[in-house]
Amino acid sequence: MTLLAIDTSANLCAACVWEGDAALASITEDIGAGHAELLMGMIDDVLAQAGKTYADLTRIGVVIGPGSFTGVRVGVSTARGLALALNIPAVGVTTLEGLAAEAHALHPSRPVLAVIDARREQLYSALYGPAGALLAEPAVLDADATLARVGNTDLILTGSGSAALDARMPGRTIVAATATAAIETYAHLAAAKPANSDKPKPLYLRGADAKPQASFVLPGRD
């Protein structure tokens, strides 16, 4: 399998070519915004670095969120467009899966709460068991509600929302304080997904922060 993985879910724009059990090449840039303008050029560059062409790809992996509403949309639409044009499967991986996988690599016997700052005093979170099984589905909640659904488990915290829970869960190990994982982690997870996985779609958990003004909303057709 030769897989292209892309991540535009947060401030980073990243692409990786993965073959077998290793990355052939990867590029990550901290751009903040503007993923749509940069992504296709980055994909061309990472393919060239890996010595591959689009024709060599057999799968696309993409990060589906939760994260930046616009960034996730750019990544998913690009992945699905490439998969359609190349007639190859595309699979999605969540940001929470990626963060949890990196935490489990360091603490394989501990449950992991992956939590991302969702702003507006809310957190995106999901709880994973020691073997990586999903114990609590991805959700967007405030800090108190997040803790209420995971209990007082001796868990590992990871992600950009960890600090918001640290005072309420003193003594917990915090693995990372980032909003997304390494692109190589996502590539590895995407390569392990079943070939018949559903087409990737954005995991938004809540609506976009910016909404069109009412005067610009087109009327529906009868």
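Mentor: Let's start with an idea we will need: a polar contact is a pair of N or O atoms within 3.5 Å. Keep in mind that this is a predicted model.

Trainee: Which residue caps the N-terminal end of helix 4?
Mentor: That is Asp142. One of its side-chain oxygens lies 3.2 Å from the backbone nitrogen of Asp144. Following helix 4 comes Gly151, with a positive phi near 75°.

Trainee: Which residues of helix 4 are buried?
Mentor: Buried means under 20% relative accessible area. In helix 4, which spans residues 143-150, Ala143, Thr146, Leu147 and Val150 are buried. They cover an arc of only 95° around the axis, so they sit on the same side of helix 4.

Trainee: What do the buried residues of helix 4 pack against?
Mentor: Their partners are strand 6 (112-119), strand 7 (122-128), strand 8 (134-141) and helix 5 (162-166).

Trainee: Now a loop, please. Is Thr8 buried or exposed?
Mentor: Thr8 lies in the loop between strand 1 (2-7) and strand 2 (12-19). Thr8 counts as buried because its relative accessibility is 1%.

Trainee: What does the side chain of Thr8 reach at 2.5 Å?
Mentor: The backbone oxygen of Gly71. A polar atom of the Thr8 side chain also lies 3.1 Å from the backbone nitrogen of Gly75. Beyond its neighbours within four places in sequence, Thr8 is in contact with several residues, including Cys13, His35 and Leu39.

Notes: Residues are numbered from 1 along each chain as its sequence is written. This is a predicted model: local features need pLDDT of at least 70, side-chain atom pairs count only at pLDDT 80 or more; totals for chains, interfaces and linings use all residues. Side-chain values use heavy atoms; hydrogens and water are left out. Buried means under 20% relative accessible area, exposed over 50%, partly exposed in between (1.4 Å probe, protein chains only). Helices (H or I, at least four residues) and strands (E, at least two) are DSSP runs, numbered from the N terminus. The arc is that of the directions from the helix axis to the C-beta atoms. Contact means heavy atoms within 4.5 Å. A polar contact is a pair of N or O atoms within 3.5 Å; within protein, one must be able to donate a hydrogen and the other to accept it, and residues adjacent in sequence count only if both atoms are side-chain atoms.
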